[in-house]
Amino acid sequence: MIGKGPRSVAGQVFLLQVALVVLLVFCAVLALVLQSSRDTSTEARRRSIAVAQTFAHSPGMLQALQSPDPSKVLQPLTEAGRKTAGVDFIVVMDTKGIRYTHPIPSRIGKRFVGRIEPSLAGKVYTESVHGPLGHEVQATVPVKDTDGHVTALVSAGLKVKHVTSELDRQLPIILGAGAGALVVSTGGTALVGRRLRRQTHSLAPAEMRRMYEHHDAVLHSVREGVLIIDDDRRLLLANDEARRLLDLPPDAEGRNVRELTDLDPATVELLVSGREANDEVHFAGGRLLAVNQRPTDRGGGPRGTVVTLRDSTELQTVSGRAEVARERLELLYDAGLGIGTSLDVVRTADELAEVAVPRFADFVTVDLSDAVLHGEEPAPTATDMRRVVVRGIRDDHPLYEQGRLIDFLPSTPQARGYGAGRSELVSDLSTARGWHVQDPQRTRRILDYGIHSLIAAPIKARGVILGMANFYRSKRDPFDEEELSLAEELVARSAVSIDNARRYTREHALAVTLQRSLLPRALPEQSALEVGYRYLPAQSGVSGDWFDVIPLPGSRVALAVGDVVGHGLHAAATMGRLRTAVHNFSTLDLPPDELLGHLDDLVGRIDQNEACSESAEIVGATCLYAIYDPVTRRCAMARAGHLAPALVHPDGSAVFPEVPAGPPLGLGGMPFQTAELELAEGSQLVLYTDGLVEDRARDLDVGLELLRRSLAGHPDRPPEESCRAVLADLLPERPRDDVALLIARTRALPADRIADWDVPRDPAAVSGMRLAVSGKLEEWGLAELGFGMELVLSELITNAIRYGSDPIHVRLIYDRSLVCEVADGSSTSPHLRYAATTDEGGRGLFLVSQLAERWGTRYTPQGKVIWAELAVPDLAEILPD
């Protein structure tokens with residue numbers, strides 16, 4: 001009802017009027033109540049006096065008072081009179097106030113409650129007292145004899161509650177009349193307030209004052225013309241600026257727009273049409289006006305139009321320049337966003353051309369020093385420039401094609417800009433003689449094609465010129481000096497990105513070269529496993545993934561896969577250190593858990609040593625190390641924070657065997673555990689790094705399941721083909737992280753190539769063993785090795801009998817070499833030494849080292865094994881099919 005609330009003018013007026021109406025109605029009702037109360041009280045007193053006087057002057061009153069028992073005579077009369085007169089009591093009393101009559105008989109004879117003195121003086125007296133009947137209004141009158149003396153008193157009256165009940169019966173009528181008056185008055189006030197609200201738009205006084213101040217400002221102070229025209233096309237309002245711009249007459253307001261003959265016809269047509277207009281240009285009095293027109297009834301107002309006029313004569317030129325500046329700033333902004341999105345030199349150069357065509361130039365070519373493409377420092381002159389980008393509005397241009405190696409002559413703008421390090425502007429290529437000399441036939445074709453202007457800007461970053469960016473125009477005005485500055489700014493923003501890409505290319509090439517030099521270039525020859533492998537560097541740079549295949553004594557082979565946390569040269573160098581350490585520890589012929597323990601200590605020392613330097617990084621690495629024995633077909637493996645290997649059985653099923661997971665290398669404090677598996681011949685052991693199965697777009701479990709599916713069902717597939725299939729299934733694109741994959745198919749050494757004997761701890765048993773070994777060598781066709789093997793065997797068995805303990809066991813293995821192993825139950829290790837000429841012993845191990853290609857000691861849970869390898873004459877005859 002009050003629009004926007006009591007803050008508005010209409011709301012305030014409404015509240016004021018309602019308050020006044022409520023006050024007036026309240027006062028009227030109060031007056032009526034008071035008047036009714038007064039009238040009721042007066043009527044009660046009047047009735048009481050009349051009844052008392054009537055009874056006091058009634059005939060026989062004096063005789064009844066003079067009778068012997070006045071109460072007996074007067075009591076019935078007073079009761080009948082009380083009921084007839086409509087009063088509550090009529091009391092007759094003597095001059096001392098002793099009652100003769102009373103509605104309550106027990107009160108007869110008692111003193112009257114009230115004042116009797118005025119009545120004894122002959123007056124009529126009314127009062128309000130608390131009598132026997134309660135709160136009473138009573139009138140007391142004298143009873144006089146014939147001589148005028150007061151002989152008795154008569155009092156008549158009513159209870160106050162009976163008087164009030166009369167008032168209560170009148171109150172509903174009074175209050176109803178007041179409520180009706182309040183409703184009628186409030187309704188009229190609301191109608192007036194509603195009309196006032198529409199007229200004031202529910203504005204507060206301060207807002208109305210501000211509105212009129214704004215109105216005056218629009219009329220007299222705003223330097224933009226304003227016209228308001230109604231639906232009949234009459235001019236309702238024109239401010240001072242509109243009168244000045246249109247040269248309106250003083251009486252223009254109120255006239256139809258068609259009557260303003262001094263206005264331009266096109267302007268009159270626009271004002272009469274009522275259509276919307278946005279910065280339409282019209283001429284008026286030699287001025288160029290920008291006219292805007294909008295309807296006024298969008299917010300529910302009256303139909304019509306409002307027109308604004310702005311003198312744009314001087315702004316026309318400025319706006320053109322501002323538009324050009326805006327386009328250039330927008331071009332530079334887009335260049336900042338669109339150039340340098342990758343660390344690829346050619347891609348960055350192409351982004352420069354993509355931003356410039358066609359917004360700045362019709363054709364753009366980018367020529368980089370050929371050394372820059374390989375991450376090297378550019379040449380000092382504009383020779384050996386490789387054109388890496390050619391982009392234009394058309395594809396049939398005669399410019400040099402992409403990929404061409406160009407030697408710019410010193411007279412060309414490109415060579416001059418490259419040598420001086422500043423941009424060259426050629427507004428008219430037809431007059432550029434030095435440019436013509438480069439390739440006269442092609443330059444003629446370029447001019448005939450319509451290309452007429454060139455800016456050659458050097459791509460310079462950190463004081464080094466990397467190449468030249470060439471901007472050509474054919475369909476627009478030639479380049480000018482201002483556009484030369486824009487080209488320099490555009491190229492300068494691109495140069496830093498190109499140089500970053502060049503430096504990244506160099507660092508990436510160095511890291512890849514380092515890592516590939518640290519990884520195995522070729523797998524060693526061995527007969528226990530058929531191995532296939534893959535290594536893929538990451539998309540953003542190399543990291544520390546590595547693998548290795550290490551032959552061990554006894555035809556055994558060690559497999560290792562590891563991952564160093566991080567990317568770049570530091571990770572690659574750390575990987576090389578760890579791989580070298582694994583090679584060194586493997587020469588000790590340690591079991592997998594012990595080897596990882598030594599490797600863990602090494603990584604911990606690396607962390608402690610490098611933590612002292614300011615730029616060093618803490619090493620984090622994982623590793624899996626496995627040893628496969630083709631004689632027993634058993635594989636022992638342990639892992640330090642690395643993913644478990646996959647195993648493909650000969651039936652084609654793929655599983656992930658349970659291998660205890662140890663902590664990553666370098667943490668220390670936790671021992672590693674070795675798991676031992678028995679592998680059937682033809683099983684495939686798959687070792688890999690996390691880059692193969694982990695990805696941001698999928699969980700690790702999903703990657704492992706994909707790997708299992710890729711491996712399953714192909715038991716006869718060669719390891720090389722398995723590598724290709726796995727990478728195709730799991731890595732369709734270039735990986736985000738390095739990937740090392742090693743797949744090894746197991747082989748078993750034939751039983752007829754193995755011979756073993758238990759040897760009693762008796763020196764006499766040595767001769768028998770020599771005969772047995774000689775017979776086995778003749779069976780294998782290796783009789784020519786008999787003499788050397790007998791010497792080696794005799795020395796090893798003799799040492800075991802003399803210095804070792806039971807049981808003593810001898811085993812011959814015929815593989816790529818002839819291996820002799822002597823095992824005993826002691827853990828003492830023999831040492832090679834040079835015996836003096838006077839020494840009787842000490843020359844046995846020296847003879848072994850001279851006759852064998854390699855020899856050494858391997859410790860087992862049962863003791864130790866001393867082994868020696870002798871070269872086999874013809875290796876091709878013993879290689880497995």
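Analyst: Happy to! Keep in mind that the model here is a predicted one. In this model, the second largest cavity holds about 60 Å³ of space.

User: Which residues line the second largest cavity?

Analyst: The lining is made of Phe-89, Val-91, Arg-99, His-102, Phe-112, Val-113, Gly-131, Pro-132, Leu-133, Glu-136 and Gln-138. Two elements give two or more residues to this lining: strand S1 (89-93) and strand S3 (134-144). Sorted by class, the lining residues are six nonpolar, three polar and two charged.

User: How many cavities of 30 Å³ or more does a search of the whole structure find?

Analyst: The search finds two. The largest cavity has a volume of about 130 Å³. Among the residues that line it are Arg-387, Leu-399, Trp-435, Asp-439, Ile-446 and Tyr-472. By class, this lining has six nonpolar, three polar and three charged residues.

User: Which element gives the most to the lining of the largest cavity?

Analyst: That is H13, with three residues. Helix H12 (433-438) and helix H13 (440-449) each supply at least two residues of the lining.

User: Can we take one lining residue and look at its surroundings? Is Ile-446 buried or exposed?

Analyst: The general idea is to compare the relative accessible area with a cut-off, and buried means under 20%. Ile-446 has 5% relative accessibility, so it counts as buried. This residue is found in helix H13. Not counting residues up to four places away in sequence, Ile-446 touches Pro-398, Leu-399, Trp-435 and Ile-451.

User: Now a whole helix, please. How do I read helix H19 (residues 765-780)?

Analyst: Begin with the general idea. An α-helix has 3.6 residues a turn, so residues three or four places apart point the same way. Helix H19 has 16 residues and reaches 23 Å from its first C-alpha to its last, close to the 22 Å expected at 1.5 Å a residue. Its buried residues are Ala-765, Val-766, Met-769, Val-773, Ser-774, Lys-776, Leu-777 and Trp-780. What covers these buried residues includes strand S27 (754-759), helix H20 (786-803), strand S28 (808-814) and strand S29 (817-824). Just after H19, Gly-781 takes a positive phi of about 80°.

User: What about a strand? Which way do the residues of S29 point?

Analyst: In a regular strand the side chains alternate between the two faces of the sheet. From S29, Ser-817, Val-819, Glu-821 and Ala-823 point one way, while Leu-818, Cys-820, Val-822 and Asp-824 point the other way. Eight of the eight residues of S29 are buried, so this strand is largely enclosed by the rest of the structure.

User: Which strands pair with S29?

Analyst: S28 and S29 pair in the antiparallel sense over six bridges, and they form a hairpin with two residues between them. S29 is also joined to strand S31 (residues 863-871) by eight bridges, and these two run antiparallel.

User: Last one: how do I read the largest pocket?

Analyst: Unlike a cavity, a pocket is an open set of points. The largest pocket holds about 1,200 Å³ of space. Its lining has 45 residues, and Arg-556, Asp-589, Arg-858, Tyr-859 and Thr-860 lie nearest its centre. Strand S30 (residues 854-860) gives the most to this lining, with seven residues. By class, the pocket lining has 20 nonpolar, 12 polar and 13 charged residues.

Technical notes
Residues numbered from 1 in each chain as written. Predicted model: local features only at pLDDT ≥ 70, side-chain atom pairs only at ≥ 80, totals over all residues. Heavy atoms only, no water. Helix = DSSP H or I, 4+ residues; strand = E, 2+ residues; numbered from the N terminus. Expected span 1.5 Å × (residues − 1). Buried < 20%, exposed > 50% of the residue type's maximum accessible area, 1.4 Å probe, protein only. Contact = heavy atoms within 4.5 Å. 1 Å grid on protein atoms, 1.4 Å probe; cavity = no way out; pocket = protein on both sides within 12 Å on 5 of 7 lines; lining within 4 Å. Points joined across faces, edges and corners; volume = space filled by probe spheres on them. Nonpolar A, V, L, I, M, F, W, Y, C, P; charged D, E, K, R; others polar. Pairing = 2+ DSSP bridges.
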